[in-house]
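User: I've got a model open and would like to talk it through. Can you take my questions one at a time?

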Amino acid sequence: VTDHVVWIMGTGQDTTHNLVVSRDGKMIFTANRGSHTVTAFELTGAPEAYNAWRSTIIPVCRSPQGLDLSPDGKELWVGCRGSNEMAIINAAEKKVSGMFPTQTGQLARVRYTPDGKRVLAADLGKGELSIWDAATHQELKRLKLGSYAEGILILPDGKRALIVVTTDDNVAEAMQILVALGRIYAAQTL
């Protein structure tokens, strides 16, 4: 790091919010809440070269906010805060490949488990954590955490997740997310 800005590229969209980067660093996705889109940036040349990044605007749903890329880099799940839906983007094609209702209040954050089998979604409106099967898109469990559940950190072993519960000034811990039989235990507040 040389203490200077290396790259800036606008999205041309409204309320750009949250980023996710592919493991190889060649794709960056960001939600654009005010424009109801996701921007995909793809590295097409040397990172320091002018015009090395190509952007694609992907229409999704109302007020996309939380997003995460699957560990294999193939799917991007996008939590739609304004329409209570989850959009799934095919990362290679940069197109929505599916969408389904979530029965949530306001999806704020979305995180894949390290093995890619589960997706966790924090709900600001209801203060809940919902856990989804990434392959079938079925909800497996919903845990009440308090009010205004937001940030999600999944520990590297995938067995625990920490969720920020903002207005309660708490961090909740969802334990044993990935156990041998796929059982999901209740959350506790730390």
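User: Let's start with Asn 51: is it buried or exposed?
Analyst: Keep in mind that this is a predicted model. Anything over 50% relative accessible area counts as exposed. Asn 51 comes in at 57%, so it is exposed.

User: What separates the C-alpha atoms of Asn 51 and Met 9?
Analyst: Along the chain, these two residues are 42 residues apart.

User: Which strand gives the largest share of the lining of the largest pocket?
Analyst: That pocket holds about 340 Å³ of space. Of its 21 lining residues, the closest to the centre include Arg 23 and Asp 68. Strands supplying at least two lining residues each are β1, β2, β5, β9 and β13. The largest share, three residues, comes from β13.

User: And by class, how many residues of that lining are nonpolar?
Analyst: Set aside the four polar and four charged residues in the lining of the largest pocket. The nonpolar residues there number 13.

User: What percentage of the chain's residues count as buried?
Analyst: The cut-off for buried is under 20% relative accessible area. Of the chain's 190 residues, the share that counts as buried is 44%.

How values were computed. Residues numbered from 1 in each chain as written. Predicted model: local features only at pLDDT ≥ 70, side-chain atom pairs only at ≥ 80, totals over all residues. Heavy atoms only, no water. 1 Å grid on protein atoms, 1.4 Å probe; cavity = no way out; pocket = protein on both sides within 12 Å on 5 of 7 lines; lining within 4 Å. Points joined across faces, edges and corners; volume = space filled by probe spheres on them. Helix = DSSP H or I, 4+ residues; strand = E, 2+ residues; numbered from the N terminus. Nonpolar A, V, L, I, M, F, W, Y, C, P; charged D, E, K, R; others polar. Buried < 20%, exposed > 50% of the residue type's maximum accessible area, 1.4 Å probe, protein only.
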